[in-house]
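Biologist: I want to learn how to read strands and sheets in a model. Can we start with the terms?

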Amino acid sequence: MSVSESTAAAEALEVWIDQDLCTGDGICAQYAPEVFELDIDGLAYVKGEDDELRQQPGETVPVPLTLLQDVVDSVKDCPGDCIHVRRAADRVEVYGPDAE
């Protein structure tokens, strides 16, 4: 693995939503519809590149670098404080309610 590959791997981010805290406002789906979607239950879920919702608690999807700012804006504006973005490598939250 080259240095650039290991750097990219260390910076790879994933996102998940805590549905227990989701208020169903849909702000996340407005910012990043490629990553977030409201389901029939009125709650937001992350979705993968296959467009399938990840409905298991804590299930994550990668954050595409091109959508990072939209995802971060979703985190900041979410009234439920339920969106978590963490580094895939060490699972440390970098944006969201548990970020330091």
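Modeller: Two strands pair if DSSP finds at least two bridges between them. Strands (E, at least two residues) and helices (H or I, at least four) are DSSP runs, numbered from the N terminus. This is a predicted model: local features need pLDDT of at least 70, side-chain atom pairs count only at pLDDT 80 or more, and totals for chains, interfaces and linings use all residues. Residues are numbered from 1 along each chain as its sequence is written, and side-chain values use heavy atoms, leaving out hydrogens and water.

Biologist: In β5, what is the bridge partner of E14?

Modeller: P62. Strand β1 (residues 13–17) and β5 are antiparallel, with 2 bridges.

Biologist: In what order do the 4 strands of the open sheet run?

Modeller: Strands of a sheet pair through backbone hydrogen bonds, either parallel or antiparallel. Here the order is β5-β1-β6-β7, with antiparallel pairing. β5 (61–62) and β7 (93–95) are the edge strands, each pairing on one side only.

Biologist: Which way do the side chains of β3 point?

Modeller: In a regular strand the side chains alternate between the two faces of the sheet. In β3 (residues 44–47), A44 and V46 point one way, Y45 and K47 the other. All are buried, meaning under 20% relative accessible area (1.4 Å probe, protein chains only).

Biologist: How many bridges join β2 to β3?

Modeller: 3, and strand β2 (residues 36–38) runs antiparallel to β3. F36 has V46 as its bridge partner in β3. Their hairpin has 5 residues between the strands, and G42 takes a positive phi near 85°.

Terms used: Buried means under 20% relative accessible area, exposed over 50%, partly exposed in between (1.4 Å probe, protein chains only).
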